[in-house]
Amino acid sequence: MTVSDAKPGVIIVGAGQAGGRTAQALRAHGFVGPITLIGDEALAPYERPPLSKDILLGQMQPQALSLLADSEWRELGVDLRLKTRVVHIDRAQKCIELSSTGVMAYDALVLATGARPRPFPGKIKNGARVHYLRTVDDALRLKPHLRLGGRLAVVGAGFIGLELAAGARMLGAGVDVIELGPRPLARLLPASFAGWFRRMHEDQGVRFHFGQGVLVIDGERVQLDDGRQITSDAIVVGIGALPNDDIAAQAGLAVGPGVLVDELCRTSDPCIYAVGDVATRTDHAGGAPMRLESWRNAEDQAQIAAAALCSSSLKPLDAPWFWTDQYGRNIQIAGLPDDGMAVIKIGQPDHGPYLNYFLQNGVLQGVIGVDCGREVRLARKIITEGQPVADVDLPRPRPKKTPSVAFPSALPLV
Ligand code: FAD
């Protein structure tokens, strides 16, 4: 469906990165009708990646995360309603119900409700305080615990757990990471590269406990499957995220998990779109439905949905892209690297720059680069084109004038 500029216009549920960018993109595509952006947090749309990096390290203030200044939302003519939750969608009447009592009609609805941390499934006893990291408030609560001489226990060795571990070590805290899987990032990266992450963290003094579940968090103690107990000042659970798809499911939209969308971010209802962490793409080349929790995906899907709503065309998007920063190293991943693909490794694993290319039948499918932003950018284009590529044509790192320090900068354990 496409929207007219007449009332009631477009309602966007979820005032995060994808929701905020959709509102901006609608205006950029020429939509002049009403746009209402509704979010349950107190803050206007902001970017989350620095929460586990610069904010925890004290290198950035929360105000710097905002997508736009308040005055810019007003200039765009976006009716921004914060601290407001959408509790129900009535598809027959084309309206939504707000937590603050009130019903609003829509021509088109965009679901940008994001995801929430997967809750700790075990027992929490004796007033134990478990931290999660999704919002500015979460980061500000956690920050004082990352300090010289402190101890942090991180449950889960995904990207957020590892970024937290890196931040804590750089500030001088001791860190234990407990992970059910056999290695870090087991669901996210090929095994061939996971070892690099493990070594980087172990070189900085992080203690990993692989193959260990946590059944009980008791006061300041984390109890592992094998009976060992780890005592810490703060316990953070980073075991993945669940899409906020409840209101979509209740409204009878196809959900599975995440709101199922096609290549234009259209859900099973022609008047409802979904973007960002909550959206599960069903059109993916590999065939399997896929939900991408990444900054780039939130940006891209906002553009796609806005263009579709305004019947504008959009140039094809590049392959998926993700980055993480740990111990001063910038790691970028493009495409979908996977175990079972041929791997070409170039560069210095310890000192960087370092590149791993993943190919299938001579076609580049993915790349992981350490301190190789330029090369990953070029490789991403090659992945998007999907043509066979000769080894010699793979981007190679330019020699650095000054070599990087091997895994710089954590403070010694005290
Ligand atoms: P969100 O930003 O979560 O926004 C959704 C909003 O909707 C939230 O404010 C939520 O409270 C609100 N909402 C939910 N339900 C309702 C409702 N019913 N009514 C009203 N409001 C509702 N990506 C990278 O590529 N690189 C990184 O280094 C990286 N680091 C990250 C670090 C952290 C700590 C986190 C949490 C994420 C990181 N990401 C990173 C992922 C990236 O930030 C997310 O993919 C992106 O924020 C998704 O945007 P979104 O708008 O879909 O969801």
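# A first look at a ligand and its protein chain

Of the 34 residues around the ligand, Asp40, Glu41, Arg48, Lys53 and Arg134 come nearest. Welcome to this structure, which is a predicted model. The protein chain has 414 residues, of which 52% count as buried, and its fold holds eight helices and 26 strands.

**Around the ligand**

- Glu41, one of the residues that come nearest to the ligand, places a polar side-chain atom 2.6 Å from a ligand oxygen atom.
- Gln17 takes part through its backbone, with an N or O atom lying 3.2 Å from an oxygen atom of the ligand.
- Ser294 also uses its backbone: a polar atom there is 3.1 Å from an oxygen atom of the ligand.
- How much of the ligand does the protein bury? Taken alone, the ligand exposes 1,000 Å², and the protein buries 96% of that.
- By residue type, the shell is made up of 14 nonpolar, 11 polar and nine charged residues.

**The chain as a whole**

- Eight helices and 26 strands make up the list of elements in the protein chain.
- The radius of gyration is 22 Å, close to the 22 Å that the globule rule gives for 414 residues, so the protein chain is as compact as a globular protein of that length.
- Along the principal axes, the C-alpha atoms fill a box of roughly 60 × 60 × 40 Å.
- Among contacts between residues at least 6 apart in sequence, 62% join residues at least 24 apart.
- The accessible surface of the protein chain comes to about 18,000 Å², and carbon and sulfur atoms account for 51% of it.

- Why does Thr324 count as buried? Its relative accessibility is 0%, and buried means under 20%.
- Two polar contacts involve the side chain of Thr324: one reaches the side chain of Glu163 at 2.5 Å, and another joins it to the side chain of Gln326 at 3.0 Å.
- Not counting residues up to four places away in sequence, Thr324 touches Lys53, Phe159, Glu163, Phe197, Arg329, Asn330 and Ile331. Lys53 is also among the residues that come nearest to the ligand.

- Thr22 counts as buried because its relative accessibility is 0%.
- Leaving aside neighbours within four places in sequence, Thr22 is in contact with Ile12, Val110, Val275, Ala302 and Ala306.

**Ala319, in a loop**

- Where is Ala319 found? Its place is the loop between helix 7 and strand 22.
- Buried or exposed? With a relative accessible area of 10%, Ala319 is buried.
- Apart from neighbours within four places in sequence, Ala319 is in contact with Gly335, Arg380, Ile383 and Thr384.
- From Ala319 to Ile178 the separation is 141 residues in sequence and 32 Å in space, C-alpha to C-alpha.

Methods
Residues numbered from 1 in each chain as written. Predicted model: local features only at pLDDT ≥ 70, side-chain atom pairs only at ≥ 80, totals over all residues. Heavy atoms only, no water. Near = heavy atom within 4 Å. Polar contact = N/O pair within 3.5 Å; in protein donor to acceptor, adjacent residues only side chain to side chain. Areas by Shrake-Rupley, 256 points an atom, 1.4 Å probe, with all protein chains shown as cover. Nonpolar A, V, L, I, M, F, W, Y, C, P; charged D, E, K, R; others polar. Buried < 20%, exposed > 50% of the residue type's maximum accessible area, 1.4 Å probe, protein only. Contact = heavy atoms within 4.5 Å. Helix = DSSP H or I, 4+ residues; strand = E, 2+ residues; numbered from the N terminus. Rg over C-alpha atoms; globule rule 2.2 N^0.38 Å.
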